[in-house]
Amino acid sequence: MKISEARLTLYAFISAIETDLKNLIITQIIPLHNSTYFIPDSGLRDTSIKRFTKDHPGLDPESNLNDIVHYVDFQDTYKILLQNSQLKPDCVDKVKPLVEKLDHIVPIRNRVMHNRPLLHGDLGFVYGFLQDVSVEDVFSTSRLTLQQIETDPNYILSIDLPRFTAEDEIVYHNLPVPDFDETGFIGRKKDALEITKLLLGSTRVVSVIGEGGMGKSALMLKVAYDIADMGERCPFDMILWTTAKTTMLTPAGIVEIKDAIDNFPGLVRNLAGHIEDTNKSLTENIDLVLEVFKTFKTLLIIDNLETIINEDIKAFIREAQLHSKIAITSRVGLGELEYPRHLDGLSEAESVTLIREAAKMRNEEMLVRLNNSRLSEIAKHLHYNPLALKWFVNSVVAGKNPDEVVMNKDSLLEFCLSNVYDKMSNSAKLILNTILAARTPLTEAELAFYTEKSAVELKKAIISLIATSFVKRTVTKNSAGDELSYSITDFAREYLLKHNKLGKVFIAAITDKKNKLIGSSEQRKIAKKHSEFSVIAIEARTSTEIIASRYLQQALQLSRQQEYEPALDKVGEAKNLAPNYFEVYRVSGFIKSLSDDLLGAEEDFQIALEIQPDNARLNFYYSGFLLKSLGDSAKAFEYISKAYRDRPDANEVVIEYARNLVYQGTYDDGISALEKLIRSNPDLSVKTSQIVGTLLINAYRRYAEKEYVIKKDTGEAFKKLLKANDVFTLCTDMRVVDERMIDEFGNALFYMLTIIDEQGLSHLLTYAQQIYDKCKVLITKSSYHKAIAKALESL
């Protein structure tokens, strides 16, 4: 078992402090006593005597007081000194100011002696303590130890660290000695806390996923030791650790690790070997391990699982998690079997600390002297990856120039990423290439557009890339809500640029699609500006919606050719990309109404309104659907009123609002709005003028019917029909008359003749004849022409 130099150094320092404290008791306190009562605390006294008697059953404790001292724990040594302060104040006065620092050393000693992960600052704190107390005569052993290690650092390699056996542990485990002692465990407090909570909670399988060198193993080992140290509160009887790591990175490059587990049978055999010596078959070993998991509450930790991920290991984990908790570190996730916890790089401050501590341990003064800003710059180039930072320090210690090390990371990149990239699917690699070529983060919709992959295949590939930490997600807040975009992680980008150079043809193809997307967006903006309430004026606020809007535009083109099923298929593609995009449902409702799927259309419009209840265009189209397709004038008026409140300046909204007023029988308000529109707006388009004119003529005719039939007011009815004639004359002068308007006016003129005939108003016949004569050429195009001519002849 390899013990780090940092741990041995700490052991030497703390042992020296403990020796000095015990010597104080032996030389200054025991001579003043004639019994074991030099230990005032009865509980501590009994424990110390019991320990002594166990090792020396034939000796009398009261006659061996000096030996009793060696059975006192580190913390109890200075407690005994303080409790004897009334007998020897000079001795205690030198120890009393050190109590707070000695209390701080106690947990450090426990970490050293119990093979627990050292924390950042442990070595520095104890080293500083020795420097402070070495000037005191009573700490002579500490002074000599400090001098010896500073003079000959290799001295510590001759020290044997006492073994702490598994029998001394409340929770059985086979956790390895941490390999990050030289710097101590730096940062990751939040990560450690969250993973611990997951393992102590209801989650069965927890994976710590990240690029190579992110410190996944170190973090998991720290968490495992923390859980083991819960003692009687620990929910596990046993913590088993097995590693599939097969290589390690050194300044000289990647090297193989001896006796590494690189397959599933080897992993199972390793686990079984920790339970009992066995040469059984694979099936027997699996049964043995699972039986132990059923009997004992076990936390199984599999380190670097990506080396042997296959269906066998997945089946084993699927079965094992029914009886135990499982923690995994891997560069690749297991998918549905796990709760993934992605691990990113250290913070800037933590990275600087790591470089400094590693440099101090290697006596690399050049790095130690560098200021924080320079170290921060180096850490940024190395993407705050802990392994990369240590590799950097080791490389500089080996004689390489710092700038050269930072700029030439081939072996590091190869170690961290190559075995993951090589196993990727072609779809995953295509997505990486697409993001690289686009030179910007891309949404799922943009990736679908660029790669032309199906939604299912695309999502599967994206999930696999996130699981390997090659791709990260970023949430962008906008008016449409949160939008996810995907980008390549820094290390992965650097690796791909070195090992996966893209060709000009591929980059040109992505750029061409990018330009088409921009062009499509511009066309959509022009269409909206030209006619905001046109069915083809599709609102898109995000990149995802822009992509989806392309499919909607294609759907509308197909619907104009009455190809409704293909059109709705396009709508479906848009819905897959942007399920919460209200325009998807508006366009779908519009197309379904054309294909006579009226109930389906209404459902789509209602979904759209749930998403965007106050959208004027949406309320406008739903009102039109209710009025024209379902004949629900009351409900139609409710929604057009909402649109009118929002956009009283929009001609299309005013027209529909007025139409609804007319259909509701509120003629004066409807007519007033239309008259104002056509007479006070010189910039009104020909098409809009035709619509307004036709609707006005229709409104006056309906108004006349109301006056004549319901109110029996023939005079008012005739006046309204004359108003219809005024509108037709105006439109004739404006040269905006079309066949529909002519037909509507023909209907009004025929109704005028009907009233004259029924009421015997021969004196009004002249007005009707004059009107007819004036527009006779146009009236011939009306479906009412023959009826009008016949009525004039009879009158």
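Where is the place of asparagine 304? In the loop between β6 (298-303) and α13 (311-320). Helices here are DSSP runs of H or I with at least four residues, strands are runs of E with at least two, and both are numbered from the N terminus.

Some ground rules. This is a predicted model, where local features need pLDDT of at least 70, side-chain atom pairs count only at pLDDT 80 or more, and totals for chains, interfaces and linings use all residues. Residues are numbered from 1 along each chain as its sequence is written, and side-chain values use heavy atoms, with hydrogens and water left out.

Asparagine 304 is not a glycine, yet its phi is positive, about 55 degrees. Its relative accessibility is 8%, so it counts as buried. Buried means under 20% relative accessible area, exposed over 50%, partly exposed in between, with a 1.4 Å probe and protein chains only.

Next, lysine 712. It sits in the loop between α33 (686-710) and α34. But lysine 712 is exposed, at 63%.

Now helix α36, residues 765-774. Leu765, Ala768, Ile771 and Tyr772 are buried there. They share one side of α36, because they cover an arc of only 125 degrees around the axis. That arc is taken from the directions from the helix axis to the C-beta atoms. Gln770 and Lys774, on the other side, are exposed.

Last, glutamine 769, also in α36. It is partly exposed, at 30% relative accessible area. From tyrosine 71 it is 698 residues away in sequence and 130 Å in space, C-alpha to C-alpha.
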